[in-house]
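Reader: I would like to go through a model feature by feature. Please give the general idea where there is one, then the case at hand.

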Amino acid sequence: MTSGTVSAAAAGTWLLGDLKVNRMGFGAMRLTGSAPFHRGSPSDRSQAMHVVRRAVELGVNHIDTAAFYFSRLRSANELINSALAPYPSNIVIATKVGPARDACGEWTTPARPDQLRGQVEENLRQLGRDHLDVVNLRIMGQDSISEHFGALAELRDAGLVRQLGVSDARPEHLSQALAIAPVVCVQNRHSIDEPSGDRMLRACAVHGIAFVPFFSVAGQGRAAGAVHAEHDNVSAIARTHGVSPAQIRLAWTLQQGAHVLAIPGTGNPEHLVDNVRAGALRLTKRELQLLDSIGRTGS
């Protein structure tokens with residue numbers, strides 16, 4: 001497959017409520033620089049906007065972002081707005097609320113339920129939209145999310161939000177949310193070497209809810225990126241297919257279930273094409289078993 005025929009549609013589609021998306025999406029966290037938030041060097045603005053536009057050209061119609069994705073010079077939401085407005089009708093923008101950073105970029109006390117409207121409105125302002133397609137409540141350690149999720153459900157009823165999800169959630173959080181309003185997605189940490197999301201992945205499948213893993217490429221590197229040496233099994237399978245280890249990780253992610261969506265992030269145009277190309281990669285049963293064994297052994 002040449003770069004001219006690469007398409008996010010090759011990974012298949014899923015419905016986030018009434019919003020149809022290609023399962024291969026794009027995460028905006030790395031648009032702002034070489035490292036998330038205030039770490040690393042700032043991105044080149046023109047290149048960052050080019051990456052967003054190129055993602056859409058390649059069929060990506062599910063973009064994950066947040067108002068707290070900003071560095072001293074760059075805002076992911078502003079870059080998306082500048083790159084895409086007026087937005088194509090099929091683009092689904094998913095945002096997150098809950099965490100809070102001050103104007104200097106320092107993390108502050110997470111939002112109370114009565115502060116979530118302000119965070120939603122800030123996302124609306126930055127993105128230049130009159131509603132948000134999907135808003136995920138990022139859970140910040142609380143045992144009960146009923147009050148927070150209830151506040152978001154009220155914003156959904158008011159027309160500011162179309163669909164709701166939860167992030168960094170446990171199964172009991174999902175049950176609490178479902179008792180209040182429909183949930184279309186769960187964003188949790190999950191990767192080959194950190195399969196901590198298995199329980200939630202299965203719960204989402206039972207309910208017909210999208211499971212959207214983050215750090216699926218970075219693995220144990222998490223927000224710092226793929227900083228650790230690659231596992232031998234991943235490298236060997238990558239050589240067999242003539243692709244990068246990152247593509248193998250994304251292919252494994254998508255083959256965890258038809259309800260699993262990928263949101264790899266990058267500010268590099270070449271890496272973007274490679275990520276999208278991974279949506280067409282199919283791993284064999286034996287290859288999946290070898291990759292699954294990494295998380296079970298913890299190596």
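**Cysteines, sheet, core and backbone**

Author: The sulfur of cysteine 204 lies 8.6 Å from the closest cysteine sulfur, that of cysteine 185, which is too far for a bond. The model is a predicted one.

Reader: How many disulfides does the count give, and by what cut-off?

Author: A disulfide requires two cysteine sulfur atoms within 2.5 Å. By this rule the count is zero.

Reader: Are cysteine 204 and cysteine 104 buried or exposed?

Author: Buried means under 20% relative accessible area, and exposed means over 50%. Cysteine 204 has 0% relative accessibility and counts as buried. Cysteine 104, with a relative accessible area of 60%, is exposed.

Reader: What does the radius of gyration say about the protein chain?

Author: A compact globule of 299 residues would have a radius of gyration near 19 Å, and the 18 Å of the protein chain agrees with that. Along the principal axes, the C-alpha atoms fill a box of roughly 50 × 40 × 35 Å. Of the 299 residues, 56% count as buried. Among contacts between residues at least 6 apart in sequence, 74% join residues at least 24 apart.

Reader: How many helices and strands does the protein chain have, and in what order do the strands of the open sheet come?

Author: Strands of a sheet pair through backbone hydrogen bonds, in either the parallel or the antiparallel sense. The protein chain has ten helices and eleven strands. Seven strands make up an open sheet with parallel pairing, in the order 3-4-5-8-9-10-11. Strand 3 (26-27) and strand 11 (210-214) stand at the edges with a single partner strand each, so one side of each has no neighbour in the sheet.

Reader: How many bridges join strand 5 to strand 8?

Author: Strand 5 (residues 92-97) and strand 8 (residues 132-138) run parallel and are joined by four bridges. Threonine 95 stands opposite valine 135 in strand 8.

Reader: In which sense do strand 1 and strand 2 pair?

Author: Strand 1 (residues 13-16) pairs with strand 2 (residues 19-22) in the antiparallel sense, over four bridges. Threonine 13 has asparagine 22 in strand 2 as its bridge partner. The two strands form a hairpin with two residues between them, and glycine 17 in the turn has a positive phi of about 70 degrees.

Reader: Which residues have the most contacts inside the largest nonpolar core?

Author: That core has 70 residues, and those with the most contacts inside it are Leu31, Ile80, Val120 and Leu152. Leaving aside neighbours within four places in sequence, valine 120 is in contact with Val97, Leu132, Leu152, Leu155, Leu160 and Val161.

Reader: Which residues of helix 5 are buried, and what do they pack against?

Author: In helix 5 (residues 171-178), the buried residues are Pro171, His173, Leu174, Gln176 and Ala177. They pack against helix 4 (146-157), strand 9 (161-167), strand 10 (185-189) and helix 6. Helix 6 (residues 198-207) also holds valine 206, which is exposed at a relative accessible area of 70%.

Reader: Where is asparagine 77, and what does its side chain join?

Author: Asparagine 77 is found in helix 2 (residues 76-84). With a relative accessible area of 0%, asparagine 77 is buried. Its side chain makes a polar contact of 2.9 Å with the side chain of glutamine 126. Not counting residues up to four places away in sequence, asparagine 77 touches Thr65, Ala66, Ala67, Asn123, Gln126 and Leu127.

Reader: Which peptide bond is cis, and which residues other than glycine have a positive phi?

Author: Most residues other than glycine have a negative phi, and most peptide bonds are trans. Here the bond from alanine 85 to proline 86 is cis, with omega near -5 degrees. Proline 86 lies in the loop between helix 2 and strand 5. Phenylalanine 37 has a phi near 60 degrees and is found in the loop between strand 3 and helix 1 (45-57). At 11% relative accessibility, phenylalanine 37 counts as buried. Phenylalanine 215 has a positive phi of about 65 degrees and lies in the loop between strand 11 and helix 7 (232-241). With a relative accessible area of 18%, phenylalanine 215 is buried.

Note on methods. Residues numbered from 1 in each chain as written. Predicted model: local features only at pLDDT ≥ 70, side-chain atom pairs only at ≥ 80, totals over all residues. Heavy atoms only, no water. Buried < 20%, exposed > 50% of the residue type's maximum accessible area, 1.4 Å probe, protein only. Core = buried A, V, L, I, M, F, W, Y, C linked by side-chain atoms within 4.5 Å. Contact = heavy atoms within 4.5 Å. Pairing = 2+ DSSP bridges. Polar contact = N/O pair within 3.5 Å; in protein donor to acceptor, adjacent residues only side chain to side chain. Rg over C-alpha atoms; globule rule 2.2 N^0.38 Å.
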